[in-house]
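Me: Could you go through this structure with me? I would like to ask about it piece by piece.
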Amino acid sequence: MIPVSYSFRNLWTRRFTTCMTAGGMALVVFVFASVLMLAEGLKKTLIDTGSPDNVIVIRGSAGSEVQSGVERAQAGIVESQPEVAMGSDGSPLLAKELVVLYSLNKRGSDKPANVVIRGIGHQSLALRPQVRLVQGRMPKPGATEIVAGSSIARRFQGGGIGETLRFGMRNWTVVGIFDGGATGFDSEIWGDVDQLMQAFRRPVYSSVIFRLADSSALDRFKERIESDPRLNLDARRETKYYSDQSQAMATFLRILGVALTTIFSLGAMIGAMITMYAAVANRVGEIGALRAIGFQRRSILAAFLLEALFLGLIGGGAGLFLASFMQLVTISTMNWQTFSELAFSFTLTPEICIKSLIFSVVMGFVGGVIPAIRAARMNIVTALRES
Amino acid sequence: MTDAEALSTPSPIVRLRNVSKSYRRGGQIVPVLEEISFDIAEGEFLALMGPSGSGKSTLLNLIAGIDSVDNGAIMVGGVDITTLSESELAAWRGLNVGFIFQFYNLIPVLTAFENVELPLLLTRLSRKERREHVALALRIVGLDDRMDHRPGQLSGGQQQRVAIARAVVSDPTILVADEPTGDLDRKAAEEILHLMDRLNRESGKTIIMVTHDPRAAEKARTIRHLEKGFLNDVPS
């Protein structure tokens, strides 16, 4: 076989052309990787919001907590189930919560966006170990006090500590800021559930969340409550619940990304093809000599194909390098499952790296295969004469 | 020829029998070689001369197995190369033919060492054996101190010497040279011809050279003239 260094050094010799072509591919890979990172970030943020040992109980057929209603009596029945773990204080590790959407204005603009206001119980924080109070204190029971997620405090008017938000015909003072550990809780406002139910005139809870005493007991619990005629409830592991919430948006982003990059990649592949055609045209004499010396057509094909694959890989590596900086960016968008604003970061995973590199190599292959075939099919005498 | 004369004559390494070749140009068939038959003895240094278009390069290409005949047979080292498939022919060339081109045709991105090593990549030699062969070939052409230089860092004469090292490194059956001094100044040309002469006399290499240059042809032991596709002489 022709040495690999032949293919690589030829790219290095034509540094400018290589950079320009690889640059085009890098941009496509950048877009490709960024969109996948966006979908992954959204998914990760929502999935990390849940805990695998927690169970969320909502009304049967309700897609999310926002659409759900769990009556007080029903919540009581759930609370009495043997699968519910006990807290250190001897009370069930369970929280009956209310979730409502409220429209607030973003800082620096009059543009409103929906945020989740969650009424919490005294075990809500214990059920979410990833949530930490970073400033101030938790609301006192019975007081019109709230704590805001760090993303809310940063991006919404009145969300900072000491500031006041008005909803439910009351003024609510922000007494603390919590960090949701890059989960969906960062984009929520928490307050006492009883106060919020009164303020929003809600007679029912939205959901009941509890910790399983035994992680494998979910099926048993699920079967019992779903067959209980008094209840019309659906129980899911919290991780599954949030994963389902991210599904539609993540799929939409992925389809959008693939469609966009497919169109962009056509341009990059044509660029690679032009570069490789030029490479073949400039090295007709070399091809003739290599064939004359005894290298088979398939060796020539492999050498030029390898060059195109290297080109793709360089573009892929550069695009991925650029895309990795997107991890520093946090964006917010509407989560169409809950109709609330959700902030999340671009997340780069090894899977995205591999997918992006495969994508770039495929671009290199498609761009390089026809010129490589042309090189391999070249007549030796003609090639030597043209050199 | 008596039996004694026949025994003392070196056996032919190349045999051409009724070789014809034509090209199609603009819908017309142009004959280039017509019914050529002759032998080249082992250890011969043959110069093929003739005006442009006489068919000498075509004849060289046919003997080297990079072009195909229309009719006739070419035996090289006992193998009728006209019956080989393209893939077999490529493998055969790798083992049996060393090429010296007018414009050297070295790979610019590879060093002198790597250029000379190329034909050996087609063999089963180990890396160490290849290294030894390449070092020897570069020593023969007097460039063992330039093995890490790329073609662009060498003069024309030096590049042609690298090309000769590449041609001989696999110890092929025949060396074919197409105008090997055509791109060189007189001094460099003299050096190349001297080197080819040495390879022929000292190592017994069979060399077939196409040239326009009478001074180059003088170095050959036999000169054959081609004109309009025919051999029009007796070997001199």
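Me: How far apart do the C-alpha centres of domain 1 and domain 2 of chain A lie?
Reply: In this predicted model, the C-alpha centres of these two domains of chain A are 46 Å apart.

Me: And which residues belong to each domain of chain A?
Reply: Domain 1 of chain A is assigned in two pieces, 4-47 and 245-386. Domain 2 of chain A covers 54-211.

Me: Now chain B. How many helices and strands are there?
Reply: Chain B contains eight helices and ten strands.

Me: What about its dimensions along the principal axes?
Reply: The box filled by the C-alpha atoms of chain B is roughly 45 × 45 × 35 Å.

Me: Why would one call the radius of gyration of chain B that of a compact globule?
Reply: A compact globule of 236 residues would have a radius of gyration near 18 Å, and chain B has 18 Å, so the two agree.

Me: What share of chain B is buried?
Reply: Of the 236 residues in chain B, 48% are buried.

Me: And what share of the contacts comes from residues 24 or more positions apart?
Reply: Among contacts in chain B with a separation of 6 or more, such residues account for 69%.

Me: Back to both chains. How many residues are in contact between them?
Reply: On chain B there are 20 residues in contact with 19 residues of chain A.

Me: Which element gives the largest share of that side of chain B?
Reply: Helix 3 of chain B (residues 86-96) does, with five residues.

Me: Is that side of chain B made up of nonpolar, polar or charged residues, and how many of each?
Reply: The side of chain B that touches chain A has 13 nonpolar, four polar and three charged residues.

Methods. Residues numbered from 1 in each chain as written. Chains lettered and ligands numbered in written order. Predicted model: local features only at pLDDT ≥ 70, side-chain atom pairs only at ≥ 80, totals over all residues. Helix = DSSP H or I, 4+ residues; strand = E, 2+ residues; numbered from the N terminus. Rg over C-alpha atoms; globule rule 2.2 N^0.38 Å. Buried ≥ 20, exposed ≤ 12 C-beta atoms within 10 Å, placed from the backbone. Contact = placed C-beta atoms within 7 Å. Nonpolar A, V, L, I, M, F, W, Y, C, P; charged D, E, K, R; others polar. Domains from an automatic or database assignment.
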